[in-house]
Structure formats: C-alpha cells, structure tokens
Amino acid sequence: MSETRRRNILILAEGNEEKPYIDKILSFPNINKEVYNFAEAINVKGNGKIFARYQYEFQKGYYDLILVFCDGDNNSSQFLSFLNSFGEYFFKNKKDSLEVFIYSNPVTLQIILSHFGEVKLKNVGKKTNAKIVEQLTGIKNYSAKNEQIDQLINKINYNSLDLFKNNLSKISSNIKDIPSTNFLMFLNKFESSDSSWINEILKKFK
C-alpha cells in the first residue's frame, strides 16, 4: 500500500439515480475500505449545481479527492461546455477535467442496467428506455420516480458483480462514443490497495 492512512473521498452525484446507486456500490465488500474512506455521496440535484458544490467542498480542504458522478448527456454542447469550464477553473490543462468525472454516456441507466444484462443505450429519454428497464428488471413504465429508483437499486446485489463487470467491459470508455462509461476503471481503483492514482490526479490541479 502506497499510503499509511485512509484516503478521504467524496462523490458528488448529479441526481436521484446516481446517489443511491453509488452509495450501494460503495457498500460492497470488494471496495477497499482499509485504503479508502468514502463519505456518503451528495445529491446535488442537477448538473447545473455541480460546479458550485465542487468549489465549496474543494475549498473546505477536508477530502483528498472529490469526484463527480453524472450523465454524459450524449455529448451535448451544454455538457462539453461544462467540462471545459470545469477544466479551466480547476486544472492546469483543461482537458484533464475528465480525471475527476465518473460518467455514463448517454445516461446513468447504462451502468445500472448492466447489472442485469448486456445493454447499449443510445437515448437520454426515460420513456425511450422504459421498455429496456422492464425487460431486464420487471419494473414497468420506469420514469425515475423515487419509489422506482429504490426498487431498481434494491435489485442490485454483490453476487451479480462479476456479470456486471463483464457487461461493462464491453462498453467503450471513450466519452466520444455512445454508449460509453469509465465506471469500471474507477471501480477497479476503488478495489485497489494502491492509492497512488489519487496523487497523480492531484498533480494536475492548479
């Protein structure tokens, strides 16, 4: 192990799907809790609030690393502009902003549904993806209501983790692709006893 103390990590979740999902994943025994101390994720309730909350938590100086978990939103101009602004403010090289983003393109459902089967979502809309949700989970007319989200997250268990990883490994990690996600890369880091990857990211901040 590269560090003698646990590393404090906070994840800012974009919304109502991301927060309970990431909290569930971080509760699993594969996460190296001897090395990483994960705070309960914060639901910022919209990507428009991510920047200000990140800035606030960053200035507090409590966490070794703050990550963002959000949709890639089909590489919309709004999302790409946000990434650019984020990089310009926090990083020496603005392109390095992705170093702290756990993303799923087009939507977080791409990650969540990978626990139940192989899926390659192309659309952002909940109605468009509702049939796939029902096919894989039995939840009808999924529209991301709180009770539906709870039902969906409760169906995820640690025993399906190998299937999940296998399904995610077939998805691109290049954010320009649809679908794509770097979730598996971060999950592997969270399982590792070597926390030097955190130091490498911190070197890139201003």
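Two rings of Phe, Tyr or Trp count as an aromatic pair if their centres lie within 6.5 Å, the six-membered ring being used for Trp. In this predicted model, a search of the whole structure finds 26 such pairs.

**First stop: the aromatic residues**

Select Y54 and F58. Their ring centres are 6.3 Å apart and their planes meet at 20 degrees, so the pair is stacked; planes under 30 degrees apart are given that name. Both residues belong to helix α2, which spans residues 50–60, and they are four residues apart, about one turn of the helix. Is Y54 buried or exposed? Y54 counts as buried because its relative accessibility is 0%. F58, by contrast, is partly exposed, with a relative accessible area of 38%.

Now widen the selection to F51, Y54, F58, F82, F86, Y89, F90, F91, F101 and F205, which form one aromatic cluster. Then select F186 together with K189: the charged end of K189 sits over the ring of F186, 5.2 Å from the ring centre.

Select residues 7–13, which make up strand β1. How many of its residues are buried? Seven of the seven are, and the strand is thus described as mostly covered. R7, I9, I11 and A13 point one way from β1, while N8, L10 and L12 point the other way, and all are buried.

- Strand β2 (residues 36–38) runs parallel to β1 and is joined to it by three bridges; R7 stands opposite Y36 of β2.
- Strand β4 (residues 65–71) also runs parallel to β1, with five bridges between them; I9 stands opposite L65 of β4.
- Strand β3 (residues 42–43) pairs with β1 in the parallel sense over two bridges; the bridge partner of A13 in β3 is N43.

Select D73 and N74. D73 is placed in the loop between β4 and α3, a helix of residues 77–90, and N74 is found in the loop between β4 and α3 as well. Most residues other than glycine have a negative phi. D73, although not a glycine, has a positive phi of about 55 degrees, and N74, also not a glycine, has a positive phi of about 55 degrees. D73 counts as partly exposed at 23% relative accessibility, and N74 is partly exposed at 31%.

Which residues line the largest pocket? Select N75, L80, L83, N84, K94, K95, S97, L98, I175 and K176 to display the lining. By class, four of these are nonpolar, three polar and three charged. The pocket has a volume of about 240 Å³.

Select S104, in strand β5 (residues 101–105). S104 is buried, at 0% relative accessibility. Its C-alpha atom is separated by 13 Å from that of V119, which is 15 residues away along the chain.

Most peptide bonds are trans. The bond from N105 to P106, however, is cis, with omega near 15 degrees; P106 is placed in the loop between β5 and α4 (109–113). Finally, select I178 and P179, where the peptide bond is cis with omega near 0 degrees. P179 lies in the loop between α7 (161–169) and β6 (180–181).

Key:
Residues numbered from 1 in each chain as written. Predicted model: local features only at pLDDT ≥ 70, side-chain atom pairs only at ≥ 80, totals over all residues. Heavy atoms only, no water. Phe/Tyr/Trp six-rings, centres within 6.5 Å; stacked < 30°, edge-to-face > 60°. Buried < 20%, exposed > 50% of the residue type's maximum accessible area, 1.4 Å probe, protein only. Lys NZ or Arg CZ within 6 Å of the ring centre and 35° of its normal. Pairing = 2+ DSSP bridges. 1 Å grid on protein atoms, 1.4 Å probe; cavity = no way out; pocket = protein on both sides within 12 Å on 5 of 7 lines; lining within 4 Å. Points joined across faces, edges and corners; volume = space filled by probe spheres on them. Nonpolar A, V, L, I, M, F, W, Y, C, P; charged D, E, K, R; others polar.
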